[in-house]
There are 2 protein chains.
Amino acid sequence: MNQSGMRDDHRPSPTDPPSLAERIRHEMDTFTPSEKRAAHLLLSHYPFAGLDTVAEFASRAGISAPSVLRFVTRLGFGGFPDFQRHLREELEAQLLSPLAKASPSDKGQGAPALASFAEAVIGNLRATVENIAPAEFEAVVALLSDPRRHIHFTGGRFTGALARYAESHFRIVRSHVDFIEGQPVLWRDRLIEIGRKDVIVAFDIRRYQEDVTALCETAAKQGATVVLLTDPWLSPIARVARHVLPAHIVAPSNWDSSAGLLLLTEALVAAVTKHLWDTAKPRMEAVERLRSGRS
Amino acid sequence: MNQSGMRDDHRPSPTDPPSLAERIRHEMDTFTPSEKRAAHLLLSHYPFAGLDTVAEFASRAGISAPSVLRFVTRLGFGGFPDFQRHLREELEAQLLSPLAKASPSDKGQGAPALASFAEAVIGNLRATVENIAPAEFEAVVALLSDPRRHIHFTGGRFTGALARYAESHFRIVRSHVDFIEGQPVLWRDRLIEIGRKDVIVAFDIRRYQEDVTALCETAAKQGATVVLLTDPWLSPIARVARHVLPAHIVAPSNWDSSAGLLLLTEALVAAVTKHLWDTAKPRMEAVERLRSGRS
DNA sequence: CGTGTTCTGAAATTTCTGATACAGCTTTTC
DNA sequence: GAAAAGCTGTATCAGAAATTTCAGAACACG
């Protein structure tokens, strides 16, 4: 959960955003005949008809282009592009937050809060899986399964914990695995010996951290392969990353959810373990012996 | 032999709605780096990102306009307007038939590993939520929202990362929060000053770690309140814990999944943040100021 | 370590869209 | 029933957007 500062403005406003369609319906009787034609077309195929060009819209409505322009101006928009932008935003907001309006303003009742939070997280996981290219995932698995590569995990303030989680598993499955601390001072010596044989796996979600970006850019410049786990808005690290695995992170909270990133991490661990099973199994057994023999 | 300009995909047959997104996902590995950037942007904000102008799309994807054009041409469209029209029609068709979205779940050979793993994890999350007593969850929220308490997070080899994750969030929301390292040597001095006012939040799943258990037992003996996040088989810490939140952890992997623990952690963070909002908000803002002013 | 191929972006070019001015037509009003 | 007011469409323009060109850069290959 990355801090997103002022997320309280994200809460549903007391007065729900009045759909443009609603307003048009309400003002219908004040329109001129041509405007009514435009309004009817728009409402009958709301809002897609409005996403066409002016010419197309005019033609479908049976009026002229200038009439369409006058129509949107009358609705208070600065121009046709302005009008279209509004339609897109409205559509996007409505389509992407099916759960936003479903959540009542309950005052912290235990089970409902937990249950609805869980549903949102589950939605994130589904969306995350949907948006991952199978080939991309497979490519990362292959990369992390290459015993000649050296793997370095790193992350930001919050995602650093995920990097640690990944590292603690991979460390057992294979060799040449380590974790790079967040402090830039601590990189310097590490960075020197990073080159073509190295893989940097970076975790970074919004409020992207400059030092993590700097680390990856330098590493990439030196020939290292960068794998990025991030949010759908893509950390700037994506510019230098060979592979990008985006996860959905928006949750009904003042914080973002890292569950999708964890899912990807665990899936990678599972896949690589399976891939390297012949060598991983003895390693895991050895670790087990060391632990039990220790006390 | 590749795309022949205008394929029949322009007129989708009623039987299969092959979302463009799906096709992109499957062809992802055949894309050039720039095309991958474009694809990632489009998929992450599907399909709205594609409804912008070429320039805007290019800018958001971090590539040049020609690369965007090459991308859509490569997908088989006659040009950007053609591409946009396709997106609009697909969106309209999907939105007008609510059942179309209902079953895009299995796409077979693509990423069975990732998809089935995700389904297993989702099942874990559901089971976890159902088995949590609302009152227990609420009690923990109340405990962690008490500003007079001192909160200490700790965990085992793998779960230690989750404890860190929790700590990094709670540290911002409230004061008197810290993380206790796994090394028993490092406890000694800390343990001295732990008493009735303290809360230990321990993460521990099977292959329960003796040192974590020892820490909690000692702390409990000194009057501290112990909260335990564990698996359904219950870590031995449960004997001294005031509150226990079990999470399902079994996944199709050689490793256990911590997703359920993360879910509980994030839900706790969300609930406590909401609970302490009046004091948490200024803290979050202050942290934000410090971060932005740092560079 | 060159060499050929592919990929990429800056800039020029072309296309097309949104916007405007103006004249004809319709409706309203006295 | 005539004049005024308002509405609408044609023709045209300005500007923005998509597209193409081309040269440099990155990359893979031998």
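This is a predicted model: local features need pLDDT of at least 70, side-chain atom pairs count only at pLDDT 80 or more; totals for chains, interfaces and linings use all residues.
A polar contact is a pair of N or O atoms within 3.5 Å.

**Polar contacts with phosphate**
- Val54(A) uses its backbone, with an N or O atom lying 2.6 Å from a phosphate oxygen of DNA strand C.
- Ser64(B) places a polar side-chain atom 3.2 Å from a phosphate oxygen of DNA strand C.

**The surface near DNA strand C**
- There are 16 residues around DNA strand C, and those that come nearest are Val54(A), Leu69(A), Thr32(B), Ser34(B) and Ser67(B).
- Of the atoms of DNA strand C that come within 4 Å of the protein, 75% belong to sugar and phosphate.
- This surface consists of nine nonpolar, six polar and one charged residues.
- At least two residues of the surface come from each of helix 3, helix 4 and helix 5 of chain A, and from each of helix 2 and helix 4 of chain B.
- The greatest share comes from helix 4 of chain B, which supplies three residues.

- In soluble globular proteins, nonpolar side chains tend to be buried together.
- The largest nonpolar core here contains 103 residues, and Phe153(A) and Phe153(B) have the most contacts inside it.
- Another core, of 54 residues, lies apart from the largest one and includes Ile24(A), Leu42(A), Ala49(A) and Val68(A).

Terms used: Residues are numbered from 1 along each chain as its sequence is written. Chains are lettered from A and ligands numbered from 1 in the order in which they are written. Side-chain values use heavy atoms; hydrogens and water are left out. A nonpolar core is a set of buried Ala, Val, Leu, Ile, Met, Phe, Trp, Tyr and Cys residues joined through side-chain atoms within 4.5 Å. Buried means under 20% relative accessible area, exposed over 50%, partly exposed in between (1.4 Å probe, protein chains only). A residue is near a molecule or strand if one of its heavy atoms lies within 4 Å of it. A polar contact is a pair of N or O atoms within 3.5 Å; within protein, one must be able to donate a hydrogen and the other to accept it, and residues adjacent in sequence count only if both atoms are side-chain atoms. Helices (H or I, at least four residues) and strands (E, at least two) are DSSP runs, numbered from the N terminus. Ala, Val, Leu, Ile, Met, Phe, Trp, Tyr, Cys and Pro count as nonpolar, Asp, Glu, Lys and Arg as charged, and the others, Gly among them, as polar.
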